[in-house]
Amino acid sequence: MNASAPGKIILFGEHAVVYGRPALAVPVTQVHADVEILDSARAGIWINAPDINLRAEVSSLPADHPIAAVVHEFFPRPGASSGPGTEAGGAGIEIKISSSIPVASGLGSGAAVSVALVRALSARVNRPLTDERVNAMVYEVEKLHHGTPSGIDNTVITYARPVYFVKGQPIQTFKTGSPFTIVIGDTGVPAPTRESVGDVRTLWESDKVKWEKVFDKVGEIAKRAKTRIETGEWELLGELMNANHRILQRMTVSSPELDKLVRAADEAGALGAKMSGGGRGGNMIALVKPEAANSVAEALKEAGAKHTIITTVDS
Ligand code: PMV
């Protein structure tokens with residue numbers, strides 16, 4: 001049983017999306033999480049996830065461990081080791097998890113592992129699930145990762161399509177009038193989303209009137225961006241990205257490393273750039289004309305990016 005799920009980037013609207021404003025996110029297929037379920041001679045359910053240094057029998061993990069939580073949806077805890085054992089004639093299973101999505105970097109590594117794991121396990125136990133059900137299950141797991149998630153990561157990764165996301169509303173996808181190119185630059189600084197989301201909440205609590213207005217501005221940017229994407233006026237997205245980045249700086253979720261990469265992209269001729277995801281580290285994105293993609297990626301590396309990815313957004 002194999003399953004795979006892509007990474008993602010948020011084009012516009014992170015953080016404000018937690019407060020009900022719209023945001024735009026797209027899958028990134030150049031990176032992915034992969035899950036393989038194998039029969040094992042050993043009894044029990046063994047997790048083998050070298051990328052996060054995890055090798056353990058699932059019942060030895062805390063119940064709120066995100067991977068254990070998914071496994072227990074399919075093999076409930078009390079009979080956890082007897083479930084697959086019985087099925088496989090006394091033996092157990094091994095769940096191999098690998099991922100090329102850097103952890104805690106704003107590319108949705110946690111949600112991608114959960115989506116791939118849910119799909120592989122549902123195939124293994126022959127319990128087919130709709131995308132809607134996969135999405136709902138992974139949203140519950142996202143809460144273990146970062147407290148008050150908006151649900152944007154699990155949604156864009158489950159459906160693997162560009163998504164215009166509003167918390168609590170049915171999924172809306174969007175179409176690109178014409179494809180456009182994004183360069184992703186990784187600061188290499190891992191930054192837990194839980195912390196930046198918590199700090200924005202502290203700001204909001206200190207002056208709700210002010211921050212609600214700021215979130216409104218971000219929501220407006222996301223709406224205008226959606227229209228421009230749909231009409232194929234993608235070159236006009238650059239200024240919206242720059243405006244969104246300035247607001248994220250005011251929210252205190254950018255960082256010197258992110259700002260440096262955003263500046264480097266600008267100087268190398270990108271049409272616009274911003275941090276993407278929870279911030280404080282992780283990834284930034286730059287909108288480029290296709291012919292400038294390689295030189296902007298080079299400039300990002302010179303400015304300290306640990307990895308770059310060139311991706312095309314196309315519905
Ligand atoms: O850091 P990421 O990629 O998981 O993105 C989080 C996006 C936020 O808007 C900051 C939080 C959320 O739950 O939407």
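**Ground rules.** I number residues from 1 along each chain as its sequence is written, and my side-chain values use heavy atoms, with hydrogens and water left out. As the model is predicted, local features need pLDDT of at least 70 and side-chain atom pairs count only at pLDDT 80 or more, while totals for chains, interfaces and linings use all residues.

At least three of its residues come from each of domain 1 (2-165) and domain 2 (176-313); the domain bounds come from an automatic or database domain assignment. I then checked Leu11 for contacts (heavy atoms within 4.5 Å). Beyond four places in sequence, its partners include Leu24, Phe180 and Lys274.

**Largest pocket.** I used a 1 Å grid over the protein atoms alone: a cavity is a set of points where a 1.4 Å probe fits but cannot get out, a pocket is an open set with protein on both sides within 12 Å along at least five of seven lines, and lining residues have an atom within 4 Å of a point. Grid points are joined across faces, edges and corners, and a volume is the space filled by probe spheres set on the points. The largest pocket has a volume of about 800 Å³. Its lining has 46 residues, with Ala104, Ser109, Gly110, Ala111 and His145 nearest its centre. Both domain 1 (2-165) and domain 2 (176-313) give residues to this lining, so the pocket lies between them. Helix H3 gives the largest share, 6 residues. Helices here are DSSP runs (H or I, at least four residues), numbered from the N terminus.

**Ser109.** I found Ser109 in helix H3 (residues 109-124). Is Ser109 buried or exposed? Ser109 is buried, with a relative accessible area of 13%; buried means under 20%, exposed over 50%, partly exposed in between (1.4 Å probe, protein chains only). Ser109 contacts Ile101, Pro102, Val103 and Ala104, leaving aside neighbours within four places in sequence.

**Second largest pocket.** This one has a volume of about 270 Å³. I noted 16 lining residues, including Asn135 and Phe165.

**Cavity.** My search of the whole structure found 1 cavity of 30 Å³ or more. The volume of the largest cavity is about 40 Å³. Ala104, Ser276 and Gly282 are among the residues that line it.

Definitions and conventions:
Helix = DSSP H or I, 4+ residues; strand = E, 2+ residues; numbered from the N terminus.
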